[in-house]
Structure formats: C-alpha cells, structure tokens
Amino acid sequence: MKVIIVALAFVAIVAALPVDVKEPLKILRSDFDQQADGGYKFNFETENGIARDEVGEVKEAVDEENKPRIVIVVRGSYSYKNVDGKVESINYYADENGFHAEGDSIPKPVSRR
C-alpha cells in the first residue's frame, strides 16, 4: 500500500511541474508532386534551417530469383544546423542495393590494404 501511495505522490508531483510550451516551427517552403507512375518529388524548409529535397523514380529491377519487380529509387539531401551552429548536409540514395549516404558528419569506411 505504501508503494502505491508513493507512486501516486510521484505522479502528482510530476504532473504539477510547469511545462515549457514552445511554438511549432514555421515551414518556409513545402512542395509535393505525386506522379501517376508512383514517382514523386518533395521538398521543405523550416525556419530553424532544416531543409530536405527528395525525388523518387520508378524503376524495374531484378530480384534474387532473377524475376523483374518494380522499385522506387530515391535520391535526395537534407541539411540542418548541428549543436555548434554549423550546417550539416547529407546526400543519399536508396535503390535495390540498399541505402547509401554521404556527408562530412558520416564516418568514412576504413580501407584495408
């Protein structure tokens, strides 16, 4: 019984703490274009410097069993300000072989000789 009383007291204290309500970020730019074949383009930018651009294109690929299938190849980039205020930019693509990203903040693979 004491455990229940202590737990309820803790919940009451946490519920009474002031909540810092922040205004949602303003979206400065936002576009989306859906194509009939399943492809698409979109982009957005927020007031705090976050931005993203992406294009998806429909492609026919061959699976492990050598059967054709439809995939969407995605290419894009995003950027944001890191904790030091520096803009980080990442370029990426995803296809039937997986997701691939490049950017200064992404570690480079170590080449073995």
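The following conversation concerns a predicted model of a single chain.

Trainee: Which helices and strands are in the chain, by count?
Mentor: The predicted model contains 1 helix and 6 strands.

Trainee: And what pattern does the chain follow along the sequence?
Mentor: Read along the sequence, the pattern is α-β-β-β-β-β-β.

Trainee: What order do the strands take in the sheet?
Mentor: The order is β1-β2-β3-β4-β5-β6, in an open sheet of 6 strands with antiparallel pairing. The edge strands are β1 and β6, each of which pairs on one side only. From one strand to the next, the twist averages 15 degrees.

Trainee: Let us go through the pairs. How many bridges join β2 to β3?
Mentor: Strands β2 and β3 run antiparallel and are joined by 6 bridges. Within this pair, F44 has R52 in β3 as its bridge partner.

Trainee: How many bridges are there between β3 and β4?
Mentor: Strand β3, residues 51-62, pairs with β4 over 12 bridges in the antiparallel sense.

Trainee: Which residue takes a positive phi in the hairpin of β3 and β4?
Mentor: That residue is N66, with a phi near 65 degrees. The hairpin has 5 residues between its strands.

Trainee: What about β4 and β5; how many bridges do they share?
Mentor: Strand β4 covers residues 68-81 and strand β5 covers residues 87-95, and the two pair over 8 bridges in the antiparallel sense.

Trainee: Then what does Y93 stand opposite in β6?
Mentor: Y93 stands opposite H100 in β6. Strand β6 covers residues 98-102, runs antiparallel to β5 and is joined to β5 by 5 bridges.

Trainee: How many residues lie between β5 and β6 in their hairpin?
Mentor: The hairpin of β5 and β6 has 2 residues between the strands.

Trainee: Changing topic: how many salt bridges does the structure hold?
Mentor: The structure holds 5 salt bridges. One of them joins E45 to R29, with the closest N and O atoms 3.5 Å apart. This pair links distant parts of the chain, since E45 is in strand β2 (residues 40-46) and R29 is in strand β1 (residues 27-34), 16 residues apart.

Trainee: Which residue does R29 also pair with, at 3.7 Å?
Mentor: R29 forms a salt bridge with D53, the closest N and O atoms being 3.7 Å apart. That pair connects R29 in strand β1 with D53 in strand β3, 24 residues apart. Together, R29, E45 and D53 are linked in a network of salt bridges.

Trainee: Why is E45 classed as partly exposed, and not as buried or exposed?
Mentor: E45 counts as partly exposed because its relative accessibility is 29%, which falls between the limits of under 20% for buried and over 50% for exposed. R29 is partly exposed at 28%, and D53 is partly exposed at 32%.

Trainee: What does E96 form a salt bridge with?
Mentor: E96 forms a salt bridge with K59, the closest N and O atoms being 3.0 Å apart. E96 lies in the loop between β5 and β6 and K59 lies in strand β3, so the pair ties together parts that are 37 residues apart in sequence.

Trainee: Finally, what share of the chain is buried?
Mentor: Buried residues make up 16% of the 113 residues. The chain exposes about 9500 Å², and carbon and sulfur atoms supply 57% of that area.

Trainee: What share of the contacts join residues at least 24 apart?
Mentor: Among contacts between residues at least 6 apart in sequence, 16% join residues at least 24 apart.

Note on methods: Residues are numbered from 1 along each chain as its sequence is written. This is a predicted model: local features need pLDDT of at least 70, side-chain atom pairs count only at pLDDT 80 or more; totals for chains, interfaces and linings use all residues. Side-chain values use heavy atoms; hydrogens and water are left out. Two strands pair if DSSP finds at least two bridges between them. Helices (H or I, at least four residues) and strands (E, at least two) are DSSP runs, numbered from the N terminus. A salt bridge is a side-chain nitrogen of Lys or Arg within 4 Å of a carboxyl oxygen of Asp or Glu. Buried means under 20% relative accessible area, exposed over 50%, partly exposed in between (1.4 Å probe, protein chains only). Axes are lines fitted to C-alpha atoms, for helices over the stretch in contact, and angles run from 0 to 180 degrees between N-to-C directions. Contact means heavy atoms within 4.5 Å. Accessible areas come from the Shrake-Rupley method with a 1.4 Å probe; for residues, only the protein chains shown count as cover.
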